[in-house]
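Hello,

Here is the structure I promised to pass on to you. Please open it beside this email, and then read on for what turned up in it.

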Amino acid sequence: MTQETAAATTDAVLDREETISRDELETLQLSRLQHTVAYAYDRVPLYKRKFDEAGVHPTDLRELSDLAKFPFTTKEDLRLEYPFGMFAVPQSEVARIHASSGTTGRATVVGYTKKDLADWAKLVARSLRASGVRPGMKVHNAYGYGLFTGGMGAHAGAEALGCTVIPISGGQTERQITLIQDFKPDAILATPTYLLTIADAMIKQGIDPASTSLRYAVLGAEPWTEEMRHELETTMNLKACDIYGLSEVMGPGVAGEAVETQDGSHIWEDHFRPEIIDAFDPTVVLGDGEPGELVFTSLTKEALPIIRYRTKDLTRLLPGTARPAHRRMGRITGRSDDMIILRGVNLFPSQIEEIALRIPELSPHFQLELTRPEGHRMDQMTVKIERRDAVTAEGAASAARVLQQQIKIHVGSSCTVDVVEPGSLERSNGKLRRIYDMRPKG
């Protein structure tokens, strides 16, 4: 740990709930959970219907393990109740509405009371503080504003922490660079791939990304690997930490990573109860340390309480470290709906990223193309990945062979690797699309 990082962690004033014991935390969880389950049953018709159909009642929740008796909530439930059927308060008490993009189907809509917004800002502030951000710092917010929860959620949290917020939003990369140089922010909030885009654009302008004022990056909204962390920290001379959230549960700030340990995001369990289930048999609740699908139940939300929401994110729960009472999430290995099944082998884009960034000749910029050539019964995958600037054609060809071999060894699937010119693949302006599925439909 550098002296600067050590100083940033010792001057933090923590919330009381960050310092309580695990026993105290679980007592608080049970009380809040019992209230939330009864509240949702009484106020949200979908929950009354689902509980009744499952033969459970809020009074059946006598201890934390009883939560497993209750039915799951899915994204499809939220879509079926579009737009406001999941709200537990009248419209006059809804202070703000956010929604998903709806690119993969009908949008999911979430609402917040004034108390919900205050709690959200508090938890984002807690996450930012854990990641090294301090009151008085200038924070460059490159998350997208609008119906997406990232921009406004991060903005409110940084203000609640006492920071000066620069609300640039996503995109306009040249302007981002200008403002970073002119305003000299201490921290940046963005997706990891968009921060990489900013760093690459700086290099093209002849600017050393390590020379800027930025010392902390709080990154989220997409899975990323330790190899990507190393790439960004080395390139930009900063400390990069994860922040986790999703709109249906709250937005960013459900969990945050501590800069002094950088060992996974601590879930703020005074507001959310996590579970891990078997993604293929959701009736099986897994123990801490076992990988599976992450499930969340909100404990304090008013406008949209959420009971056992299946996130589709694949991870595991680990003991707390920097915040001992609050369990950590392991790195998200992928989303169950982003999983590629190639010739019977399951793989995720994050696995390719992890392998590729161990090969010095290859950059973090890659795409996966899935095809099924005419006359073939088997799917094929091509990894398109950019070489580093100084790499020769011979070096690129050698790196392609190494990547192909390593994917076969570690993932268990054959693929084609196409090493392309630097700057030739699409860059992120927010969330980056990694998978291009060109297989015939139907």
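Let me start with charge: the protein chain carries 52 positive and 61 negative side chains, and the centres of these two sets are 2 Å apart. Please keep in mind throughout that this is a predicted model.

How many salt bridges does a search of the whole structure find? The search gives 37. As background, side chains of opposite charge can pair when their charged atoms come close.

- R126 and D15 form a salt bridge whose closest N and O atoms are 2.8 Å apart. This pair ties together distant parts of the chain: R126 belongs to helix α6 (residues 114–130), while D15 sits in the loop between α1 (3–10) and α2 (16–19), 111 residues apart. R126 counts as buried because its relative accessible area is 0%, under the 20% cut-off. D15 is buried as well, with a value of 17%.
- D119 pairs with K115, and here the closest N and O atoms are 2.7 Å apart. Both residues lie in helix α6, four residues apart, which is about one turn of the helix. D119 is buried at 15% relative accessible area, whereas K115 is partly exposed at 38%.
- D437 forms a salt bridge with R439, with 2.7 Å between the closest N and O atoms. D437 is partly exposed, at a relative accessible area of 31%, but R439 falls in the buried class because its 19% is under the 20% limit.

Which residues are linked in a network of salt bridges? They are D15, E17, E18, K122, R126, R129, E260, D270 and R323.

Now for the chain as a whole. It has 12 helices and 22 strands. Its C-alpha atoms fill a box of roughly 70 × 60 × 40 Å along the principal axes. A compact globule of 442 residues would have a radius of gyration near 22 Å, and the protein chain has 22 Å, so the two agree.

Buried residues make up 56% of the 442 residues. If we take contacts between residues at least 6 apart in sequence, 66% of them join residues at least 24 apart.

Finally, some backbone details. Most residues other than glycine have a negative phi, and most peptide bonds are trans.

- The peptide bond from Y82 to P83 is cis, with omega near 0°. You can find P83 in the loop between α5 (75–80) and β1 (96–99).
- N237 is not a glycine, yet its phi is positive, at about 55°. N237 is located in the loop between α10 (226–236) and β7 (239–246), and it is partly exposed, with a relative accessible area of 40%.
- K312 also has a positive phi, near 75°, and is a residue other than glycine. K312 lies in strand β13 (residues 309–315), and its relative accessible area of 31% makes it partly exposed.

Enjoy exploring it!

Best wishes

Conventions. Residues are numbered from 1 along each chain as its sequence is written. This is a predicted model: local features need pLDDT of at least 70, side-chain atom pairs count only at pLDDT 80 or more; totals for chains, interfaces and linings use all residues. Side-chain values use heavy atoms; hydrogens and water are left out. Helices (H or I, at least four residues) and strands (E, at least two) are DSSP runs, numbered from the N terminus. The radius of gyration is taken over C-alpha atoms; the globule rule is 2.2 Å times the number of residues to the power 0.38. Buried means under 20% relative accessible area, exposed over 50%, partly exposed in between (1.4 Å probe, protein chains only). Contact means heavy atoms within 4.5 Å. Lys and Arg count as positive and Asp and Glu as negative; His and the chain ends are not counted. The place of a charge is taken as NZ of Lys, CZ of Arg, CG of Asp or CD of Glu. A salt bridge is a side-chain nitrogen of Lys or Arg within 4 Å of a carboxyl oxygen of Asp or Glu.
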